[in-house]
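Q: I would like to learn how to read a protein model one feature at a time. Please take me through this one.

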Amino acid sequence: MEDRRKKRKVSLFCLQLLALLQITAPSSAQSTTTRPTTTTTTTTITSAADPAALSYRTHPADLTVAVGEPAVFRCGVPRASPNFTFTFYRSNANYSLTCPSGHVDDIPQALYGSCDMKNGESLAVWTLRGTSFSDNGTRVVCQQPENPNAAAAVLYVYDNGTSYAVLIGCIIGGFFGTLLVFGLSYTMLQRSETLQKCFRGKETQDDMTTIVTKE
Ligand SMILES: *[C@@H]1O[C@H](CO)[C@@H](O)[C@H](O)[C@H]1NC(C)=O
Ligand SMILES: *[C@@H]1O[C@H](CO)[C@@H](O)[C@H](O)[C@H]1NC(C)=O
Ligand SMILES: *[C@@H]1O[C@H](CO)[C@@H](O)[C@H](O)[C@H]1NC(C)=O
């Protein structure tokens, strides 16, 4: 019984809060200019033909990756109208993936496109295994045949300093490598010199002994 009362109290409080919000809402709508524009856009979307089928459930998102890192773009549409294309506009070539049955494998370019059905969605996935600087600015465009709107995204590739680090590593490595080679050859020379000295020493001693024996 007490629980019910509590619940009633809570719901009453909620109602009061809602009433307050409704009272305050019109004034805020008048003061802000953005409110009318958002309502108009939502009405245009709902008035468009069959919004359930003609829409992108998974929008491709812009990607920013370090050079050498993989990049994955996804686009999905409702399973009810599974046909669509997901195109990869690369600097040297364009690739078009047509779902739900399409498949693209460009192994030398490390680019793979595949279609999938998941959670009531017809999904297309572009995977670039390793990005290079020439992939900077690559565009992907998702297009439903009957939909006037396309969903697009861009790939940005940045230099995370690994190429610089590799360069420095090579220089340092090369420096120490040559140092090592020089050091080794020097010690070898020294050793051979000491060996020579040993031999020479023996030779002079021999000479001495021969001289001594002569006297
Ligand atoms: C989807 O594409 C296939 C093959 O291109 C075609 O046979 C089918 O009618 C299309 N379906 C729709 C709903 O457009
Ligand atoms: C890729 O498509 C774009 C836009 O349609 C076009 O301008 C470009 O020339 C195409 N590139 C290649 C390599 O086919
Ligand atoms: C990638 O492209 C953007 C603009 O398209 C540019 O601002 C940026 O400098 C480029 N990055 C590299 C690493 O080339």
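A: Begin with contacts along the chain, keeping in mind that this is a predicted model. Among contacts in the protein chain between residues at least 6 apart in sequence, 55% join residues at least 24 apart.

Q: How many helices and strands are there in the protein chain?
A: The protein chain has 3 helices and 9 strands. Read from the N terminus on, the order of elements is α-α-β-β-β-β-β-β-β-β-β-α.

Q: How do strands of a sheet pair?
A: Strands of a sheet pair through backbone hydrogen bonds, and the pairing is either parallel or antiparallel. One case here is an open sheet of 4 strands, in the order β2-β7-β6-β5, with antiparallel pairing. Its edge strands are β2 and β5 (103-106), each of which pairs on one side only. On average, neighbouring strands of this sheet are turned by 20° against each other, direction ignored.

Q: Which residues stand opposite each other in that sheet?
A: Take the pairs of strands in turn. β2 and β7 run antiparallel and are joined by 8 bridges; C75 stands opposite A124 in β7. β6 and β7 also pair in the antiparallel sense, over 8 bridges, and here S114 is opposite V125 in β7. Between β5 and strand β6 (residues 111-118), which run antiparallel, there are 4 bridges; D106 stands opposite L111 in β6.

Q: Where should I look for a positive phi in the hairpins?
A: Look at the residues between the strands. The hairpin of β5 and β6 has 4 residues between the strands, and A110 takes a positive phi near 60° there. A110 has this positive phi although it is not a glycine. The hairpin of β6 and β7 has 2 residues between the strands, and in it N119 takes a positive phi near 50°. N119 is not a glycine either.

Q: Where do nonpolar side chains tend to be in soluble globular proteins?
A: They tend to be buried together. In this model the largest nonpolar core has 19 residues, and C75, F86, A124, W126, V140 and C142 are those with the most contacts inside it. At least two residues of this core come from each of β2 (71-78), β3 (84-89), β4 (94-99), β7 (121-128), β8 (138-143) and β9.

Q: Which residues is W126 in contact with, leaving aside its neighbours within four places in sequence?
A: W126 is in contact with F73, F86, F88, L97, G113 and V140.

Q: Which residues are joined by a cis peptide bond?
A: To read a peptide bond, look at omega. The cis bond here joins C99 and P100, with omega about 15°. P100 lies in the loop between β4 and β5.

Q: Which residues are around ligand 3?
A: The shell consists of F133, N136, G137, Y156, V157, Y158 and D159. Sorted by class, it has 4 nonpolar, 2 polar and 1 charged residues.

Q: Where is D159, and is D159 buried or exposed?
A: D159 is in the loop between β9 (150-158) and α3 (162-214). D159 counts as exposed because it has 12 C-beta neighbours inside 10 Å. Sequence separation can be read here too: D159 and S132 are 27 residues apart along the chain, and their C-alpha atoms are separated by 9.6 Å.

Terms used:
Residues are numbered from 1 along each chain as its sequence is written. Chains are lettered from A and ligands numbered from 1 in the order in which they are written. This is a predicted model: local features need pLDDT of at least 70, side-chain atom pairs count only at pLDDT 80 or more; totals for chains, interfaces and linings use all residues. A residue is buried if 20 or more other C-beta atoms lie within 10 Å of its own, exposed if 12 or fewer, and partly exposed in between; C-beta atoms are placed from the backbone. A residue is near a molecule or strand if its C-beta atom, placed from the backbone, lies within 6 Å of it. Ala, Val, Leu, Ile, Met, Phe, Trp, Tyr, Cys and Pro count as nonpolar, Asp, Glu, Lys and Arg as charged, and the others, Gly among them, as polar. A nonpolar core is a set of buried Ala, Val, Leu, Ile, Met, Phe, Trp, Tyr and Cys residues joined through C-beta atoms within 7 Å. Two residues are in contact if their C-beta atoms, placed from the backbone, lie within 7 Å. Two strands pair if DSSP finds at least two bridges between them. Axes are lines fitted to C-alpha atoms, for helices over the stretch in contact, and angles run from 0 to 180 degrees between N-to-C directions.
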